[in-house]
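Subject: Structure handover

Hello,

Here is the structure you asked for. My notes follow below it.

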Amino acid sequence: MNGWGWVLWGYGVVAAALALYTWTLLTRTRAARRRLDELR
Amino acid sequence: MELRDVSARIGVTTIVRGVDFAVEANEAVGLFGANGAGKTTLLRLIATLLPPAAGTGKVLGSDLVGPGRYRVRARIGLIGHVPSLYPELTLRENLEFVATVVGSPAGSVDAALASVGLAGAATRRARDCSYGMQRRAEFARELMRRPALLLLDEPHTALDDSAVAIVEHIVSATCAAGGGAVLVSHDRGRVEALTSRTVELVGGSIR
Amino acid sequence: MSREAGGGFAQTLAIARRDLLREQRVGEVAWITIPFGAIAVLLVPLAVGTDLPTLTRIGPGLYWAVVLLFGVFIAVRKTAAETPAQRDLISLLGLDPVAGFFGRAAASSILLLGFELVVGAVAVALYNIDLARWPWMILVVPGAAIGLALLGTLAASITANLSTGPALVPFLVAPLAVPLLLAATQAMDSLRPGDSILPWVLLMVAADLALAIAGVLTARPLQETR
Amino acid sequence: MNASGHRMGGASWLDRAALAAVAGALALAFLTPPEATQGNVARLFYLHVPSVSVAYMAFALALVASVGYLVSRRMAFDHLAVAAAEVGVVFTGFTILAGMIWAKPTWGVYWTWSARLTLTAIMLFVYIGYLALRRAIEDPQARARRAAIYGIVSVVQIPVVHFSVVWWRDIHQLGTVANPTGIQMDGILLVAFFAGLVAFTLVAAALVTRRYALAVLEAGVHDAAARGAGALAGDAVEAPRIGARAGEEHG
């Protein structure tokens with residue numbers, strides 16, 4: 001793998017991790033909203 | 001000691017709500033309520049061990065949640081329905097530990113144990129004592145500490161007929177010294193005889 | 001009626017005495033934790049090979065890793081745990097929280113010192129560790145015991161009465177014990193003539209002091225029941 | 001807290017600013033000329049160093065919030081503390097991932113035991129411990145108090161951890177290859193680095209905002225459950241229904 005390969009690999013892994021975290025955050029928020037609506 | 005419009009929660013369960021409750025000096029009050037009504041929680045609330053979710057209160061001149069509560073705690077005696085003795089230590093070692101922490105004079109330990117009829121069991125480990133004996137030892141501890149506010153949770157539980165006199169003695173001694181007492185119980189007959197008035201905890205409120 | 005509470009030092013001693021008496025009656029550290037540490041020292045050569053020169057070289061490091069990873073169980077020993085009723089009582093006795101913290105840490109320090117000495121004797125024998133300039137160990141061994149006891153006491157108080165508490169404490173302690181591990185291992189490494197051991201001893205002292213300060217700062221909120 | 005205002009949490013101005021900054025930073029990171037000694041691989045620098053800076057900022061925010069909670073006992077500080085700590089853990093994770101992927105082509109190994117990498121790994125575990133502790137406690141006030149205490153204990157100890165690791169590395173010098181500051185940074189490279197820092201700071205701020213809103217929601221769920229039906233002590237207990245005699249005695 002050349003330099004660019006490593007760079008794309010590094011940026012790709014971090015971007016995927018960031019996307020995963022953002023997704024879990026949105027999912028948890030939606031679940032909490034739903035639960036709150038149920039309780040009201 | 002008085003509570004005004006006090007509520008308390010444990011987890012998501014509301015234990016008491018909008019409770020007004022006061023105990024004057026020289027007064028002993030009986031507190032009744034069904035299983036799970038929140039009597040024990042109310043005692044811990046009065047003892048400043050559980051902060052109220054709402055409302056205000058004063059105990060022995062200090063606010064229920066103010067920094068003064070750390071000072072008045074040393075003048076509150078609580079005998080819960082679960083013994084708080086260290087099972088590995090003897091009854092005397094348990095009381096000696098308390099005496100050192102509160103600064104009671106040496107010698108008061110044996111006197112206190114003798115007064116509840118446990119002089120002969122002083123060197124027995126708490127683990128090897130019956131529930132009733134452990135209860136007696138806890139009364140000995142409070143006799144030694146002489147708190148200004150005495151909170152008793154089911155005081156007569158597991159006490160034999162002769163030991164019931166201990167409850168009577170400690171309540172009247174506390175009130176005679178200008179203190180107050182709250183007795184949580186199901187034993188209406190015995191508690192009504194010891195207290196000047198009784199209240200009932202129903203649905204999270206005092207009646 | 002109110003009386004003066006016992007002095008802070010008397011309270012510290014009372015708490016330490018209580019903890020040591022409870023341990024003495026049950027023997028949890030003496031009969032479980034210490035033998036467990038000793039067998040860990042015995043197991044490692046079975047995994048990495050029994051070549052004595054290698055063991056002599058890596059022995060001190062293995063010893064300290066075992067002390068920090070297994071010694072932490074002393075902080076979560078059953079005989080130091082308090083039931084909710086016992087915590088209520090302690091709060092109502094007017095115990096100075098700082099005295100309570102130092103009393104519990106003192107008892108744990110003494111037990112940890114015992115752990116270090118027994119496991120250390122096993123390690124010295126099995127790994128043929130050279131104890132040149134051993135007098136420095138008089139500072140390093142208790143220093144590590146005190147630091148780990150302070151850290152373990154803090155972590156045990158933070159997790160008191162949690163169902164996962166005994167599992168959490170080692171995890172919370174391990175990363176923060178890094179200065180103790182480095183100071184102890186590097187001090188032993190520096191036992192060779194010419195290397196200075198003093199910076200590592202000072203680091204140990206600094207770590208212990210930082211933990212003592214943290215304990216004083218957090219003693220009051222930690223004593224609150226609930 | 002714009003995110004909490006929208007029903008489905010649509011994009012706030014902060015989200016948009018973060019996205020724009022990321023686009024700009026990426027463009028700079030990829031379009032700048034290769035670095036003199038390491039070539040293209042050095043572009044990982046724009047990922048690794050800004051994320052560790054942001055992680056430290058997040059942990060500093062978590063500390064301030066922890067102290068704020070213990071002093072004021074306001075739950076808002078606790079919500080902020082957990083938001084900052086969680087985002088800090090995420091960015092520490094980015095730091096380690098990017099650092100390892102940078103280390104492999106540069107030094108031939110994924111892990112180099114440099115003081116910086118070792119410290120970052122320790123920090124990661126300290127704050128994973130913080131999050132694990134929070135998971136173990138159900139009562140919100142008890143959780144807030146105990147978590148704040150652990151946060152403070154950690155922060156008192158972290159400088160000592162820092163110095164111990166740095167000393168330890170100073171003695172066992174690995175040689176200059178393990179020194180990431182060997183990079184020549186000037187002109188446009190410096191601009192790319194700062195663009196990365198700004199972008200990551202904005203992304204972290206957007207994430208903290210959303211995590212804070214989630215903490216507020218979860219507290220609301222807890223409160224609503226507490227107000228819900230059947231949650232009053234004693235309500236779950238009724239008179240026993242065994243035999244008619246018990247009823248007669250009470251009647």
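Is B:Ala158 buried, partly exposed or exposed? B:Ala158 is partly exposed, with a relative accessible area of 42%. Buried means under 20% relative accessible area, exposed means over 50%, and partly exposed lies in between (1.4 Å probe, protein chains only).

First, the conventions. This is a predicted model, in which local features need pLDDT of at least 70, side-chain atom pairs count only at pLDDT 80 or more, and totals for chains, interfaces and linings use all residues. Residues are numbered from 1 along each chain as its sequence is written, chains are lettered from A and ligands numbered from 1 in the order in which they are written, and side-chain values use heavy atoms, with hydrogens and water left out.

Positive phi values

B:Ala158 has a phi of about 70°, which is positive although the residue is not a glycine. B:Ala158 sits in the loop between strand 7 (149-153) and helix 6 (164-176) of chain B. Helices (H or I, at least four residues) and strands (E, at least two) are DSSP runs, numbered from the N terminus.

D:Arg73 is another non-glycine residue with a positive phi, near 60°. D:Arg73 is in the loop between helix 3 (45-72) and helix 4 of chain D. With 35% relative accessibility, D:Arg73 counts as partly exposed. For background, most residues other than glycine have a negative phi.

Chain B

Chain B has 7 helices and 10 strands. Its C-alpha trace spans about 45 × 40 × 35 Å along the principal axes. The radius of gyration of chain B is 17 Å, which agrees with the value near 17 Å for a compact globule of 207 residues. That radius is taken over C-alpha atoms, and the globule rule is 2.2 Å times the number of residues to the power 0.38.

Of the 207 residues in chain B, 57% are buried. Contact means heavy atoms within 4.5 Å. Among contacts in chain B between residues at least 6 apart in sequence, 70% join residues at least 24 apart. The accessible surface of chain B is about 7,800 Å², and carbon and sulfur atoms account for 51% of it. Accessible areas come from the Shrake-Rupley method with a 1.4 Å probe; for residues, only the protein chains shown count as cover.

Chain C

Chain C has 9 helices and 0 strands. Its C-alpha trace spans about 70 × 35 × 25 Å along the principal axes.

Buried residues make up 55% of the 226 in chain C. In chain C, 86% of the contacts with a separation of 6 or more are between residues 24 or more positions apart. Chain C exposes about 9,100 Å², with 72% of it supplied by carbon and sulfur atoms.

Look at helix 4 (residues 84-92) of chain C. There 8 of the 9 residues are buried, so the helix is largely enclosed by the rest of the structure. Among the buried residues of helix 4 of chain C are C:Arg87 and C:Asp88. C:Gly94 follows helix 4 of chain C and has a positive phi, near 75°.

Aromatic pairs

Over all chains, the structure holds 16 aromatic pairs. Rings of Phe, Tyr and Trp (its six-membered ring) pair if their centres lie within 6.5 Å; planes under 30 degrees apart count as stacked, over 60 as edge-to-face and the rest as tilted.

The ring centres of C:Trp200 and D:Trp167 are 5.9 Å apart and their planes stand at 90°, so this pair is edge-to-face. The pair crosses between chains, from helix 9 (residues 198-223) of chain C to helix 6 (residues 140-171) of chain D. C:Trp200 is buried, at 2% relative accessible area. D:Trp167 is partly exposed, at 35%.

D:Phe91 and D:Phe200 also form an edge-to-face pair, with centres 5.5 Å apart and planes at 75°. D:Phe91 lies in helix 4 (residues 75-107) and D:Phe200 in helix 7 (residues 188-227) of chain D, so the pair ties together parts 109 residues apart in sequence. Both D:Phe91 and D:Phe200 are buried.

Ring pairs also link D:Phe45, D:Tyr46, D:Trp102, D:Phe193 and D:Phe194 into a cluster.

D:Phe30

D:Phe30 lies in helix 2 (residues 13-31) of chain D. D:Phe30 is partly exposed, with a relative accessible area of 23%. Beyond its neighbours within four places in sequence, D:Phe30 is in contact with A:Trp4, A:Val7, A:Leu8, A:Tyr11 and D:Arg43.

Best wishes
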